[in-house]
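Colleague: I have not seen this structure before. Please show me how to read it, one feature after another.

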Amino acid sequence: MGLRFIKSISLLACLASSFAVAQMANPSPDIHEIVSRMMIAQQENKAHLRAFTMKRDYQILDKQHDRKAQVIAIITVVPSGQEQHKIESNSGSTIWQKILREVLAKEGESPEDQRRTEISPENYDFRMIGNQMLEGRDCYLLALIPKWQDRDLVRGQVWVDAETYKILRIEGDATKSPSWWVLDMHILLAYGEVDGMWMRTSTRAVANVRFKGKYVMESRALEYHSTSQTASEIQRDLKSGSLPGLAVNP
């Protein structure tokens with residue numbers, strides 16, 4: 001009995017030693033390497049970006065989860081990354097519809113404006129929090145620390161896939177209120193693969209509105225359709241209302 005116990009302890013010690021050696025041989029990347037690989041993954045995704053259209057649903061809900069406004073838009077993205085949109089339908093309060101249209105206009109910023117707020121070392125400092133599973137994927141969980149106050153920068157966390165280094169989720173608080181009416185805003189952005197391209201699939205923003213309480217803005221992709229059209233052809237069809245039908249659910 002004593003001999004078997006000693007042998008078991010020796011075996012456990014050997015296994016622990018082997019595991020420690022394996023960890024030293026394959027150390028986890030440090031924060032600088034993770035961010036560097038994340039940026040490479042973003043650039044590779046931009047290189048694979050093709051022109052496509054998607055139908056996206058935008059809604060504003062009050063604290064009772066009653067819908068105050070809804071806008072459904074056809075979003076067209078050209079290879080440069082710039083978005084163009086056409087409103088398909090809208091309903092609800094005129095004031096809240098106006099806010100949703102402003103969200104659409106903001107998403108259609110030029111690539112130059114988008115770089116000002118992208119998840120990059122130019123706009124953020126990063127700090128390693130640890131590893132965390134998200135939707136069955138092992139992720140590096142990093143703290144996002146904005147380098148300046150901007151309503152489009154988020155102080156929070158980013159989940160980076162430990163294998164592909166693609167961003168799966170961003171969650172946090174806007175560092176600056178978008179208006180006097182909004183006291184604070186919590187934002188959640190989710191990303192996923194659609195037809196070989198990595199893109200944002202849903203947005204949820206919870207805002208505390210002065211004198212009104214909590215309101216939620218949600219947007220999600222409903223349908224997707226790739227296209228071989230050029231940017232000028234897409235712009236022409238947006239104006240004429242003759243965009244091709246959408247078919248693929250992401």
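Modeller: Start with the term nonpolar core: a set of buried Ala, Val, Leu, Ile, Met, Phe, Trp, Tyr and Cys residues joined through side-chain atoms within 4.5 Å. Buried means under 20% relative accessible area, exposed means over 50%, and partly exposed lies in between (1.4 Å probe, protein chains only). This is a predicted model, in which local features need pLDDT of at least 70 and side-chain atom pairs count only at pLDDT 80 or more, while totals for chains, interfaces and linings use all residues. Residues are numbered from 1 along each chain as its sequence is written, and side-chain values use heavy atoms, with hydrogens and water left out.

Colleague: Which residues have the most contacts inside the largest nonpolar core?

Modeller: They are M38, F52, Y58, I119, F126 and L142, in a core of 48 residues. Helix α2 supplies the largest share, six residues. A second, separate core has six residues, among them L134, L141, L168 and W198.

Colleague: What is M38 in contact with, leaving aside its neighbours within four places in sequence?

Modeller: Contact means heavy atoms within 4.5 Å. By that rule M38 meets I119, F126, V160, Y165 and I167.

Colleague: How do I read the strands, and in what order do they form the sheet?

Modeller: Strands of a sheet pair through backbone hydrogen bonds, either parallel or antiparallel. Helices (H or I, at least four residues) and strands (E, at least two) are DSSP runs numbered from the N terminus, and two strands pair if DSSP finds at least two bridges between them. Here 10 strands form an open sheet with antiparallel pairing, in the order β3-β2-β1-β10-β9-β8-β7-β6-β5-β4. Its edge strands, β3 (83-92) and β4 (124-134), each pair on one side only.

Colleague: How many bridges join β1 and β2?

Modeller: They pair over 10 bridges, in the antiparallel sense, and I60 stands opposite A69 in β2. The two strands form a hairpin with four residues between them, and H65 in the turn has a positive phi of about 65°. On β2, nine of the 11 residues are buried. Strand β2 also pairs with β3 over nine bridges, where I74 has K86 as its bridge partner.

Colleague: Over how many bridges do β6 and β7 pair?

Modeller: Strands β6 (residues 154-161) and β7 (residues 167-174) have seven, in the antiparallel sense. The bridge partner of V160 in β7 is I167.

Colleague: Which strands does helix α2 touch?

Modeller: Angles run from 0 to 180 degrees between N-to-C directions, with axes fitted to C-alpha atoms, for helices over the stretch in contact. Helix α2 (residues 31-47) packs on the sheet and touches β4, β5, β6, β7 and β9; its direction makes about 85° with that of β4. Helix α3 (residues 94-107) also packs on the sheet, touching β1, β2, β3, β9 and β10, at about 165° to β3.

Colleague: Is R56 buried or exposed?

Modeller: R56 lies in strand β1 and counts as buried because its relative accessibility is 4%. Its side chain makes a polar contact of 3.1 Å with that of Y58. A polar contact is a pair of N or O atoms within 3.5 Å; within protein, one must be able to donate a hydrogen and the other to accept it, and residues adjacent in sequence count only if both atoms are side-chain atoms.
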